[in-house]
Amino acid sequence: MIRTLLITGSTDGIGFQTALALAQKGHRVLLHGRSSSTVNQAKVRLLRELPKAEVEAYAADFSSLAEVRRLAEELREAHPRLDGLINNAGIYKHDRVETPDGLEMTFAVNHLAPFLLGELLRPALLLAPDGRIVNVSSIAHRMGDLTFSDLQLKQGYDAYRAYANSKLAQVVYTAELARRLGPACTLKVNALHPGVVSTKLLVQGMGARGPDSLEQGASTSVFLATDPSITQGGGYYVRSRLSAPHPLAADPLAGRKLYDASLKLVGLGEGL
Ligand SMILES: NC(=O)c1ccc[n+]([C@@H]2O[C@H](COP(=O)([O-])OP(=O)(O)OC[C@H]3O[C@@H](n4cnc5c(N)ncnc54)[C@H](OP(=O)(O)O)[C@@H]3O)[C@@H](O)[C@H]2O)c1
């Protein structure tokens, strides 16, 4: 089955490779980048490698909730039915910076933007016979904590802590959304760790290098977005295999609290 799949943060790194791999399999890929110029450049790059690929480009800066809303509207208009959303865009921020919405940047870009996008695109994803949401988290989530009294890390900001917390929020939200959708739902939501790949985020952000190739980094996203063996949601995958997430993923109270807090922070009245 040919799928229409949105890959956020697909101008570079693991996201671009994921889009390329999906296009190679014949799927229609919707690229996303923070600006029109970067995402159009990515489209040109992809078409240079795969001239027959079906590819579209969408721009939205995830540090702005208004831009996320505009993107969701554009997508819903262009694609009333969407087969998959791969929430891949991510950042690592050395200093505590607030977005124009007054939110801590790492939490806003890594968790709240994909949360809002997923909530707004859910009707389109539910129209697909085998819809997928794929949340690109990180093994770093295991080091995170969810301090509900200070999700914005106003106290004691540390770059790694902010990153790990945002990645934990993705995993806890994945489990909570799967619980809310229920096991019979056609839409399956799963999270993953892509491996350790020398991308901009890893090298310039964390000052590290990784042993995995871009192809390896993209492979679990491709698997979760397309493989027919995925019949359940709420999982956390490493190298395309179910793996043990942080214990908070199995805590419905934490899931509910995070879901409610996220709804409030993005200004949505009601969720599922
Ligand atoms: N690399 C690793 O070893 C590793 C390990 C675990 C998890 N991950 C996760 O993998 C995902 C992909 O990261 P990567 O390593 O491939 O890093 P990357 O090469 O830096 O790619 C990140 C992507 O996110 C986009 N992005 C960042 N901030 C954005 C914003 N405000 N609005 C819109 N788009 C934005 C970037 O766009 P620009 O090019 O415009 O910045 C880029 O397309 C991330 O979620 C990361 O947390 C990576």
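Biologist: Are helix H5 and helix H8 roughly parallel or roughly perpendicular to each other?

Modeller: Start with the general idea. Angles under 35 degrees count as roughly parallel, over 145 as roughly antiparallel, 65 to 115 as roughly perpendicular and the rest as oblique. Axes are lines fitted to C-alpha atoms, for helices over the stretch in contact, and angles run from 0 to 180 degrees between N-to-C directions. Here the axes of H5 (residues 159–181) and H8 (residues 252–266) cross at roughly 100° and come within 9 Å. H5 and H8 are therefore roughly perpendicular.

Biologist: What should I know about the model and its numbering?

Modeller: This is a predicted model: local features need pLDDT of at least 70, side-chain atom pairs count only at pLDDT 80 or more, and totals for chains, interfaces and linings use all residues. Residues are numbered from 1 along each chain as its sequence is written.

Biologist: Which residues of H5 meet H8?

Modeller: Two residues are in contact if their C-beta atoms, placed from the backbone, lie within 7 Å. From H5 come Ala 169, Val 172, Tyr 173, Ala 175, Glu 176 and Arg 179. Among their partners in H8 are Pro 252, Leu 258 and Tyr 259. By class, this contact of H5 with H8 has eight nonpolar, two polar and three charged residues. Ala, Val, Leu, Ile, Met, Phe, Trp, Tyr, Cys and Pro count as nonpolar, Asp, Glu, Lys and Arg as charged, and the others, Gly among them, as polar.

Biologist: How many helices and strands does the protein have?

Modeller: Eight helices and eight strands. Helices (H or I, at least four residues) and strands (E, at least two) are DSSP runs, numbered from the N terminus.

Biologist: At what angle do H1 and H7 pack?

Modeller: At about 60°, with their axes 8 Å apart. H1 and H7 are therefore oblique to each other. Residues of H1 in this contact include Ile 14, Ala 21 and Leu 22. In H7 they meet residues including Leu 214, Ala 218 and Val 222. The contact of H1 with H7 divides into seven nonpolar, four polar and one charged.

Biologist: At what angle do H1 and H2 pack?

Modeller: H1 and H2 (residues 36–49) pack at about 40°, with axes 11 Å apart. H1 and H2 are therefore oblique too. Phe 16, Ala 19, Leu 20 and Ala 23 in H1 meet Ala 42, Leu 46 and Glu 49 in H2. That contact of H1 with H2 has six nonpolar, no polar and one charged.

Biologist: How many residues surround the ligand?

Modeller: A residue is near a molecule if its C-beta atom, placed from the backbone, lies within 6 Å of it. Here 28 residues surround the ligand, and the closest are Gly 9, Gly 13, Gly 90, Thr 199 and Leu 201. Helices H1 (13–24) and H6 (200–205) each give two or more residues to this shell. By class, the shell has 11 nonpolar, 13 polar and four charged residues.
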